[in-house]
Amino acid sequence: MSYTRSTARSLAVSAAGLGVPRPPRARSRAEARRRALALVQRLGYVQLDSVNVLARAQDMVLFSRLGPLPPDLLTAPTHSGPPDVVEQWAHEAAAVTPDVARLLSAFPRRGSWGSRTRHLQDPTWEDNLALVMARLASAPATALEVADEFAGADRERRHLFETCALYAFHARQLVGVGRTAAFQRLLADPRILWADWSGVPVPTPEEATLELTRVALRGLGVARASTVADWFRLSRGHTAWALERLESLGEAHRVEVSGTRSAASNPWWVSTDVDEGATPGPDDRGAPTTPTRRDRVRLLSPFDHLGAHRPRLEELFGVHYRIGICTPADKREFGYYDLLVLVGDEIVGRIDLRAERSRGELLVRGFWLEASHARAPMRTARAVLPELRRIAVWQGLGHVAVESGARGDGAAALTMAL
């Protein structure tokens, strides 16, 4: 089977939960949380990040799909009953369901420890790790609280116990059960949360890989094996085996995507469930569609699922993306927190936003158009403006403003549209 690149893009957008209108505003926080949990179940994870220039990444992912939900739905600690969403190391630190957390526990993550490596060689490491594990088996706590209890003001020992807590999160099945107001991770042994956690054996790596690959392919729609593996940071070799197993079960099959490189060793895969809704797209040789107000416009966080794997983003959407916050200022081509602008199934540009809360304004610091959409900057600006106003209302900001001297070839048009 062969898809045009346009059809593949549509599948990817739909699978990411961005291809349908957002629902009416939730009537209660409980309803909003149910919607957020359903999205986490569908996508497998929602990445967490503390940067709050506009809104935290996890809140922006929810807004792009579900509209203006209350903040911190996925990170507020649960005060009664076992949590229905926890934090685990998935793509990165992420909100996942307990079922996915159980699957991920089959793969201890050693983490990137940097200067903390020396603590792993400390002769008291195992004893101190046992102390931390016992502490977190009684009640949730942050790494800093653990350090307070066991090390007091001793700076070196504080670092040691903080490292023990972080190591336990990565490699010893601990989960996060929320974030504090300062966005510190609350850690807990899952056996104190769910009675059956200790009674159910940890799945084998093969079992976990198969199920996580199934979840990843559903969230991606269409992807190469390397992208599927990246969803949960799994081994590419094991993921390739899992895809072939899904193919034998009739749950996945290989496809060709016209306009992309042919690679027999890394083919495109599509979930059978996703593929059932696929329809042939327009010929990719035609001119790109010009965005209108009626098109679906979504602004995507730098950590959004649609752009999580940069090679697929570039191959399907023709966009080379590098997160500004991870790029030194002198090498930053675009903004500090530039979001991708999705119109329908095309990425038409990127926009750098900042919530200036003291002035009550959503500030546009730059607006850049992709080359294929640079011919109609005014029409694109008018299409984006309503979404900017929705974000401003969601964030409690009074108006949208374009910064004087804003960068980008779409900034002047957006100023005129305002």
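These legends walk you through close-up views of a predicted model. Local features are described at pLDDT of at least 70, side-chain atom pairs count only at pLDDT 80 or more, and totals for chains, interfaces and linings use all residues. Residues are numbered from 1 along each chain as its sequence is written, and side-chain values use heavy atoms, leaving out hydrogens and water.

**View 1. Helices α6 and α8 pack together.** Here α6 (residues 125–136) meets α8 (residues 155–171) at an angle of about 65 degrees, and their axes are 9 Å apart. (Helices are DSSP runs of H or I with at least four residues, strands are runs of E with at least two, and both are numbered from the N terminus; axes are lines fitted to C-alpha atoms, for helices over the stretch in contact, and angles run from 0 to 180 degrees between N-to-C directions.) The two helices are therefore roughly perpendicular, a label for angles of 65 to 115 degrees.

**View 2. Five strands form an open sheet.** Their order is β10-β11-β12-β13-β14, with mixed pairing; two strands pair if DSSP finds at least two bridges between them. At the edges stand β10 (297–300) and β14 (399–407), each with a single partner strand, so one side of each has no neighbour in the sheet. Direction ignored, neighbouring strands are turned by 35 degrees against each other on average.

**View 3. Strands β13 and β14 pair in the parallel sense.** Five bridges join β13 (residues 361–369) to β14. Look for Glu 361, which stands opposite His 399 in β14.

Notes:
Parallel < 35°, antiparallel > 145°, perpendicular 65-115°, else oblique.
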